[in-house]
Amino acid sequence: MKIRNRFIITLAVFGVAFVIMAVSIIETNQEAGRFKQQEEIARSIERAARELSYLSNDYLLHGETQLRSRWESTFSSLSAELSNLQPDSPEQAALVNNIRTNRQRLKEIFTDVASLRESGSPFPTAAVGLEFLQVSWSRMEVQNQGIIFDALRLSQMLDDQVEGSQRRDITLVSILLGIVGAYLAANYLLIYRRILRSLSALHAGTRVVGSGNLDFTIAEQQKDEIGDLSRAFNRMTANLKSVTASKADLEDEIARRRQAETQTERRKSVQDGINRILQAYLTCATREELGLLCLKVAQDLTQSKFGFIDELGDDGLLHAVAISNPGWELCAMSEKAGHGKTLGTFAIRGLYGAAIRDARSLLSNDPSSHPDSTGTPPGHPALKAFLGVPLVRVDKAVGVLALANREGGYRSEELETAEALAPAILEVLTRKKAEARISHLASFPDLNPLPVVEMDMAGRIAYINPAARRLFPDLAAMGTAHPFLADWEKVVNVVRDEDGEHPVREVNIGDSWYEQTMRFLPSASAIRIYGHDITERKKSDQVKDEFIGLVSHELRTPLTVVMGSLYTAMKEGLTEEDQRFLMQNAVEGAESLKLILENLLELSRFQAGRLALHKETVSIGSVARKTAEQVQRRYPMASFLVEIPDDLPVVHMDPTRVQQVLHNLLDNAVKYSDAGGEVAIFGRSQDACILVGVKDSGIGISAEDRAKLFQPFQRLENAAGASAKGTGLGLVVCKRLVEAHGGTIWVESEPGQGSTFFFTIPLEGEEQVVSSE
């Protein structure tokens, strides 16, 4: 039986039992409540009868009209209560009838006595009057006592019924709990015996197969979903074995997977290190303490013996932020010679100076022979390996993270780790420096170049510094209605509740964003708000978020095609033609994925200043024809015409990068052309360069769009009026790669007349300096 069916059956049985018991409990509770209500009525009747007894005696003695009215009122209450009694057994009905009979007799006796009493007829003698009173009282007392006795018996019966209902309620609740426990126990036993054991066997089998033993067969014992999964896994293993060329190929695949796992683990370690740095920003009291912790994280992740973090000052010198301690008691280096035991100021020179000057990372496992090496000062620890990563802001190096003496030297993995940590280190150190500056300027708000506003706890502005007046000339007039003081009531509450802390928030004023730090001034019972313009950072975060979302979406699309085609191709019963079609879809998806990743990698290398060309003497015609054939496989309906003469001079270029340029241009030409349109690739010599053009018959480009065509994330609309698929980075990468060769790229187009993209590659020349500016 299927697991799902077993689960539904047990759940249905439990549900029915649960509903029955729940209804029984509810009915029992209602019955107990009704019995309790009837019991209260019986007790009320008993109390009313006792009250009538007292009133009858007083009336016989005194004969007052007020006493008669009270008696009749109490009698009416007793009668009303009696009418609410609802006996549910013969015994209770008999008692209720007795009470009604005694009540009626009592009414008759009292009426007769009251009539005679109020008629005014005198008794012959006092003895006769006394005897009348005694006889009348005895007659009424007999009826009263009868009512009291029957009401007490009825109350006792109802109390016994209430207790019985409560016992039944407790019994039903116990049974319900037992049903729940039995259901849970049954399900646990079912899961343990049927599912967990089957899953354990399946897991053990997958581990055996995953280790490379494709001859292993997983037991298919159960006729349920797990059994189906085992059978499917066995078929997949058989298919994998049939398409696997050799055990060596499988071992190679396993090695690649292990390498990928190692890279994943390393990325996790880097992310943990970044988290430690960001957490330290919140906990470290001083920038020096924060710098030492950042350096410690970098040393631990790269297994470096020592290092330092420097920042570039306005004076053009390096100012030390943090220096590790590799055993300074053994160091005899003079302070004037370079880095010493304490923080200092240093000139830009040597290996770390080269990393800052070129704004690119520097790795050397033989520092003494490096062209930029200036040696080590006397007393400096021996330098066996060096890794320098610039701290870059807006494409400009503003500091350096230097690490040294990893055992066995540095590899690309340590370089990537340090480059990943560098932005986080720069961010927290910059923020901590800004905090220190704000703290320093807090005593001199008039000199503060940032806006400072002070207001009392009622929201009245007490002070506006010159910077704030310049930025917000309408602040004084608008008061708390100005966006800079938005939600000022919350500001007051937050500052009051923070107990010594300095809350921070962000406000939007027009197209600008400001980060506000708020401080409470106890002496003046006021709040001082310091503003800092973070507009560029917000725009950068927005661009980053858009880029991540866009790239994630574009990577997912071809990856889904690849996975879907491969999984479908593995199913049984497909014809060879269908399998070939699915495999072709998978190849096309993989090529799309490869193109996106190549563009991202090239752009990443350029931004990091690590774009290096590997030039060869190559014919541009052969590269163009090879690229056209590759793109033709992706777009079999498109038509490509290569018009490049064979007698063109050969070019000294990086064939892989030029092929990527052509691939991006051809891919765009197909996307923005009608289905089946022709794309031409032509070339000619021109002014010591080779001019290459890609012409399509598509929708054309307006002058407005041409102006922003080579900017990141720009995607024009295709012929259908929708944005064409892609990351918007293809033409940016083309521009970077062409300019790296010393050439230029441009477009000529008119709406509705197609487009022609041109680029040039110099015939000879030195490799251009690659800059990320």
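1. Asp-272 and Lys-268 pair through their side chains, with an N to O distance of 3.2 Å. The model is predicted, and the values here are computed from it. Both residues belong to helix α6, residues 247–283. They sit four residues apart, about one turn of the helix. Asp-272 is partly exposed, at a relative accessible area of 36%. Lys-268 is also partly exposed, at 47%. Both values fall between the 20% and 50% limits.

2. Arg-431 and Glu-427 form a salt bridge at 2.8 Å, N to O. The helix is α9, residues 412–441. Arg-431 has a relative accessible area of 23%, so it is partly exposed. Glu-427 is partly exposed too, with 34%.

3. Which residue does Lys-671 pair with? The partner is Asp-667, and the closest N and O atoms are 3.0 Å apart. Both lie in helix α16, residues 655–671. Being four residues apart, they are separated by about one helical turn. Is Asp-667 buried or exposed? Asp-667 is buried, because its relative accessible area of 4% is under the 20% cut-off. Lys-671, at 28%, is partly exposed.

4. Salt-bridge network and total. Some bridges share partners, and these join Glu-427, Arg-431, Glu-506, Glu-515, Arg-537 and Lys-538 into one network. Over the whole structure, the search finds 27 salt bridges. Side chains of opposite charge can pair when their charged atoms come close.

5. Helix α8. How many of the nine residues of α8 are buried? Seven are, so this helix, residues 350–358, is largely enclosed by the rest of the structure. The buried residues are Gly-350, Leu-351, Tyr-352, Gly-353, Ala-354, Ala-355 and Ile-356. Just after α8 comes Ala-359, with a positive phi of about 55 degrees.

6. Other positive phi values. Gln-303 is not a glycine, yet its phi is positive, about 60 degrees. Gln-303 sits in the loop between α7 (287–302) and β1 (306–312). Asp-487, also not a glycine, has a positive phi of about 55 degrees. Where is Asp-487 found? The loop between α11 (475–478) and α12 (488–497) holds this residue. With 44% relative accessibility, Asp-487 counts as partly exposed.

7. Nonpolar surface patch. Which residues form the nonpolar patch on the surface? They are Met-236, Leu-559, Met-563, Tyr-567 and Met-570. Together they have about 460 Å² of accessible area. Helix α13, residues 535–569, gives the largest share of the patch, three residues. Leu-559 lies in this helix. Its relative accessibility is 39%, so Leu-559 counts as partly exposed. That value clears the cut-off of over 30% for patch residues.

8. Rolling a probe the size of a water molecule over the atoms shows where empty space is left. The structure holds one cavity of 30 Å³ or more. The volume of the largest cavity is about 50 Å³. Its lining consists of Arg-34, Phe-35, Gln-38, Leu-85, Gln-86, Pro-87, Asp-88, Gln-92, Val-96, Leu-154, Leu-158 and Gln-161. By class, six of the lining residues are nonpolar, four polar and two charged. Which helices each supply at least two residues of this lining? They are α1 (3–62), α3 (90–119) and α4 (126–210).

9. Ile-109 lies in helix α3. Ile-109 counts as buried, because its relative accessibility is 7%, under the 20% limit. The C-alpha atoms of Ile-109 and Ser-136 are separated by 7.6 Å. Along the chain, the two residues are 27 residues apart.

Conventions: Residues are numbered from 1 along each chain as its sequence is written. This is a predicted model: local features need pLDDT of at least 70, side-chain atom pairs count only at pLDDT 80 or more; totals for chains, interfaces and linings use all residues. Side-chain values use heavy atoms; hydrogens and water are left out. Buried means under 20% relative accessible area, exposed over 50%, partly exposed in between (1.4 Å probe, protein chains only). Patches are made of residues with over 30% relative accessible area and no salt bridge: like charges are joined within 9 Å, nonpolar side chains (Val, Leu, Ile, Met, Phe, Trp, Tyr) within 5 Å. Accessible areas come from the Shrake-Rupley method with a 1.4 Å probe; for residues, only the protein chains shown count as cover. A salt bridge is a side-chain nitrogen of Lys or Arg within 4 Å of a carboxyl oxygen of Asp or Glu. On a 1 Å grid over the protein atoms alone, a cavity is a set of points where a 1.4 Å probe fits but cannot get out, and a pocket is an open set with protein on both sides within 12 Å along at least five of seven lines; lining residues have an atom within 4 Å of a point. Grid points are joined across faces, edges and corners, and a volume is the space filled by probe spheres set on the points. Ala, Val, Leu, Ile, Met, Phe, Trp, Tyr, Cys and Pro count as nonpolar, Asp, Glu, Lys and Arg as charged, and the others, Gly among them, as polar.
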